Amino acid sequence: MKKILTYISILMFLPLISCNKWLDVNPQTQVPTEDMFAKESGFEGALTGCYIKMNSTSLYGMSLTMSDIEFPAQMWAIDETNHKNQITIRDFNYDSEYSQGVFKSIYNGLYNIILQANDILEHIDAAGDVVKSEVKRNVIKGEALAIRAFCHFDLLRIFGQVPQNATKQVSLPYAETTGPDSKSLYAYNDYVKKIADDLNNAENLLKNDPSLVFTLNELSSPAYLSENGSDLEEFYQYRKFRFNYWAVKALQARFYLYTGDTQNANQAAMDIINAELENGTKCFTLAGSSDFEAFNMTLPSETIMALSNSNLEEYAAGMFSSSFGSSTLPFTKERKEDLFRGRNIAQNNRYTTLWSQYTNSQGSSFPLLQKYIQEKTNSTTSDATKLANRWQVPLLRLSEVYLIAMETAPSLTDANTLYKDYMLARNEQVGGFSSISDLKNEIINEYRREFIAEGQMFFTYKRLLTKTMLWRIADVVEENYVIPVPVSENTK
């Protein structure tokens, strides 16, 4: 009997679709594995299917960016009246029915993506007669390994033990096959080594990635030629919306910082900051006022890796509606002032542009985050770049790379240089810090300002085993950071 895929896969027409549609392929029906990988387009489709699943509202389309993972970090002013279920996560009541449902969906969803990536990996090495280009085989394999590492890393950040001074040890499955042994448990150090190995292998495989010869913001440029050197290879376009070489480097920087390997974290971060094209142009620059002025609030000009999600406006409308109903994520004037305390609010472009103001029928005003409320454009527009920027859910940005480089810098002088460049992009001219302690405190503040609704603050607190969180009165203890694996998924 043929081995049937248990996950959503993609129809094999990708080479025929337009550039715009490449960014938003719809999932199709299940197909047998042997049939899918009998064609080159099957590998492309299965790979694209991983990104489509990542866009789910139970994963990075909402829960792991805008909403659920932000609740235990105390990021939203939710209340007992309008957000009774969400309050349970905010208060670390992970045994509640709502919490169990949310984290079961996250756990299952991430492992489902991993198994799809594994299916690609199990077939790509023997696909020389199907995917004839060695470069393309390496890119497909590199992306699949990066997806596997990314999902396993977030499983660790959510369900794993704290990375420093842990008294509660947690073992998790690291799935490297689609077979019955895919749920073998690994202790923390072994699990971390597997992530590092997958990232290193992905980096090596992507060393001929087209993203090394053009900037990631050349969204619709013909990025790479096919083997005969004449036909444009559509598969290699829109590298920002898939795991390109630089996205792997950025993920390495995040991973090494989280696991305490500051030397490798700094090296990976500085590789990105210093990266240049052959003509000497910087590969990446921090976003400035131009993105905000163009209403590109997710800062596409500095994004290293994002998901393209044409449902973003719909999701954002439900989460950031100005009605502040039971399904929305409210903020307060006091919180906004806390968020930007110590900053020049007259100049800081995040304070002046990223937040608007809503006044309700009673005349009360509230800050309204505009990060995912994009400029209204004609949905039939043929401007692929404008659509891509509008639909972007950022997963890895240059801002984070700078913060990692600052935190792990070999000297305070180096850290201050990076900090000044970083703040200049936020329209503030600043002096340096007089101590490492002051610098690190401000970095935590910057994670809150910069990555609100991007799902990073809980993990920042967790890696530091922070006892106090802004907007929470009671202390936070170790067990609050270790979200239990869903009861139905526990592996003995």
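The model is predicted, so to speak of local features a pLDDT of at least 70 is needed, side-chain atom pairs count only at pLDDT 80 or more, and totals for chains, interfaces and linings use all residues. Residues are numbered from 1 along each chain as its sequence is written, and side-chain values use heavy atoms, with hydrogens and water left out.

Let's start with helix 9 (residues 262–273) and helix 15 (residues 398–407), which pack at an angle of about 135° with their axes 9 Å apart. Helices here are DSSP runs (H or I, at least four residues), numbered from the N terminus. Axes are lines fitted to C-alpha atoms over the stretch in contact, and angles run from 0 to 180 degrees between N-to-C directions. Helix 9 and helix 15 are therefore oblique to each other; angles under 35 degrees count as roughly parallel, over 145 as roughly antiparallel, 65 to 115 as roughly perpendicular and the rest as oblique. On the helix 9 side, Ala265, Asn266, Ala269, Met270, Ile272 and Ile273 meet Leu398, Val401, Tyr402, Ile404 and Ala405 of helix 15, where contact means heavy atoms within 4.5 Å.

Now find helix 16 (residues 412–425) and helix 17 (residues 436–450), whose axes come within 11 Å and cross at roughly 30°. That angle makes helix 16 roughly parallel to helix 17. Look for Leu412, Ala415, Tyr419, Tyr422 and Met423 in helix 16, which meet Ile436, Leu439, Glu442, Glu446 and Glu450 in helix 17.

Conventions. Helix = DSSP H or I, 4+ residues; strand = E, 2+ residues; numbered from the N terminus.
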